[in-house]
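These are my notebook entries on one structure. I record what I looked up, entry by entry, with the cut-offs I used.

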Amino acid sequence: MYTFFGKKIGKDKFLIEGEEFKHLKVRRIRLGEEVGIIWEGNLYRCKLIDLNSKTALCITIELVCVSPPPANVTLIQAVPIEFKTFELIAQKATELGVRKLIPLITKRSYRKVDAIEKKKGRLEKIVKEAMKQSNRPYIMEILSPTHIKDIEPSSDLNILLDNFGDGKCISELPMKGLKSVEIVVGPEGGFTKEEVELLKDKGFITVKLKPNVLRTETASIVGVGIIMNLVSS
Ligand code: SAH
């Protein structure tokens with residue numbers, strides 16, 4: 001079943017229009033076929049009942065019960081020099097159920113704040129595609145780029161992924177039942193020693209995932225995946 005963003009019209013009907021309609025045409029969905037519709041944080045199983053040159057009309061079969069992510073996870077990701085890497089991280093973070101992505105500016109990250117702001121629209125499009133692909137009606141919000149000195153540990157558990165030092169093993173941290181977790185990941189070139197000290201002083205707990213160094217995208221995706229698993233198990 002392909003999923004689209006729809007607009008509610010009337011009690012159990014949805015309209016698919018604009019870019020979403022183009023997407024439906026590309027997928028060659030025909031009258032009578034079932035589609036998923038995302039509307040205001042919910043997913044509906046619907047049937048396509050009318051099609052014209054600009055819009056498609058669907059009728060609701062049922063509201064699909066999609067359980068929300070087990071915890072409110074915020075990914076604070078140093079902006080990779082290679083923007084494609086950031087796009088990949090945004091896509092995977094959405095699939096995994098991250099609720100907030102904060103682009104982080106560090107000494108060795110991509111640092112042009114205006115250029116990042118300009119690319120936010122592209123990231124939001126990637127997030128929407130990932131929501132449809134993974135049938136997740138929950139949006140991942142992308143915040144404005146934030147300098148490392150301005151981030152604060154504001155969740156129940158605040159993790160700094162650090163491939164140096166004697167960070168804890170992630171499975172040693174008590175996570176079951178936590179409502180919110182924050183995870184900070186460095187850029188391709190890593191954090192400086194001063195940045196790690198700054199974040200530790202602020203109260204972030206250092207975690208080492210593996211004895212070897214992972215790429216920033218691997219560290220993010222694996223880190224978030226493990227957190228999602230540990231908070232719910
Ligand atoms: N070039 C850097 C590697 C940076 S990897 C170096 O040689 O040190 C990018 C980021 O991914 C790191 O800043 C860290 O946040 C995370 N990371 C990579 N491997 C990790 C590991 N084994 N454990 C925890 N975090 C890791």
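**Entry 1: conventions and overall figures.** I call a residue buried under 20% relative accessible area, exposed over 50% and partly exposed in between, using a 1.4 Å probe and protein chains only. On that basis, 46% of the 233 residues in the chain are buried. The model is predicted, so I note that local features need pLDDT of at least 70 and side-chain atom pairs count only at pLDDT 80 or more, while totals for chains, interfaces and linings use all residues. Residues are numbered from 1 along each chain as its sequence is written, and side-chain values use heavy atoms, with hydrogens and water left out.

I took accessible areas from the Shrake-Rupley method with a 1.4 Å probe, where for residues only the protein chains shown count as cover. The chain has an accessible surface of about 12100 Å², and carbon and sulfur atoms hold 51% of that surface. Along the principal axes, the C-alpha atoms fill a box of roughly 60 × 40 × 30 Å.

I read helices (H or I, at least four residues) and strands (E, at least two) as DSSP runs numbered from the N terminus. The chain has six helices and 14 strands. For contacts I required heavy atoms within 4.5 Å. Of the contacts between residues at least 6 apart in sequence, 73% join residues at least 24 apart.

**Entry 2: nonpolar cores.** I defined a nonpolar core as a set of buried Ala, Val, Leu, Ile, Met, Phe, Trp, Tyr and Cys residues joined through side-chain atoms within 4.5 Å. The largest core has 37 residues, and Val-73, Leu-75, Ile-159, Met-175, Val-181, Ile-183 and Ile-227 have the most contacts inside it. Two or more residues come from each of β7 (72–78), α2 (83–96), β8 (100–105), α4 (120–133), β11 (157–161), β13 (180–185) and α6 (216–232). I then looked up Met-175: beyond its neighbours within four places in sequence, Met-175 contacts Leu-157, Ile-159, Ile-170, Ile-227, Leu-230 and Val-231.

A second, separate core has 13 residues, among them Phe-14, Ile-16, Phe-21 and Leu-48. Leu-48 belongs to strand β5 (residues 42–51). Leu-48 counts as buried because its relative accessibility is 1%. Outside four places in sequence, the contacts of Leu-48 include Leu-24, Ile-29, Leu-31, Ala-56 and Leu-57.

Entry 3: The 14 residues of α4 should span 20 Å, and the end C-alpha atoms are 20 Å apart, so the two agree. The buried residues of α4 are Lys-120, Leu-123, Ile-126, Val-127, Ala-130, Met-131 and Lys-132. Their cover includes β1 (3–5), α1, β4, α2, α3 (113–118) and β9.

Thr-94 lies in helix α2 and is buried at 2% relative accessible area. Leaving aside neighbours within four places, Thr-94 contacts Val-127, Ala-130, Met-131, Arg-136 and Met-140. I counted polar contacts as pairs of N or O atoms within 3.5 Å; within protein, one must be able to donate a hydrogen and the other to accept it, and residues adjacent in sequence count only if both atoms are side-chain atoms. The Thr-94 side chain reaches the backbone oxygen of Ala-90 at 2.7 Å.

Entry 4: Most residues other than glycine have a negative phi. Asn-135 lies in the loop between α4 and β9 (141–142) and is partly exposed at 27% relative accessibility. Arg-28 also has a positive phi, near 55 degrees. Arg-28 sits in the loop between α1 (18–26) and β4 (34–39) and is exposed, with a relative accessible area of 61%.

**Entry 5: the ligand.** Which residues come nearest to the ligand? I counted a residue as near if one of its heavy atoms lies within 4 Å. Of the 20 residues around the ligand, Leu-161, Leu-209, Lys-210, Asn-212 and Leu-214 come nearest. I found ligand nitrogen atoms at 3.1 Å from a backbone N or O atom of Glu-188, at 2.9 Å from a polar backbone atom of Lys-210, and at 2.8 Å from a backbone N or O atom of Leu-214. The ligand has 560 Å² of accessible area on its own, and the protein covers 87% of that area.

Notes:
The expected span of a helix is 1.5 Å times one less than its number of residues.
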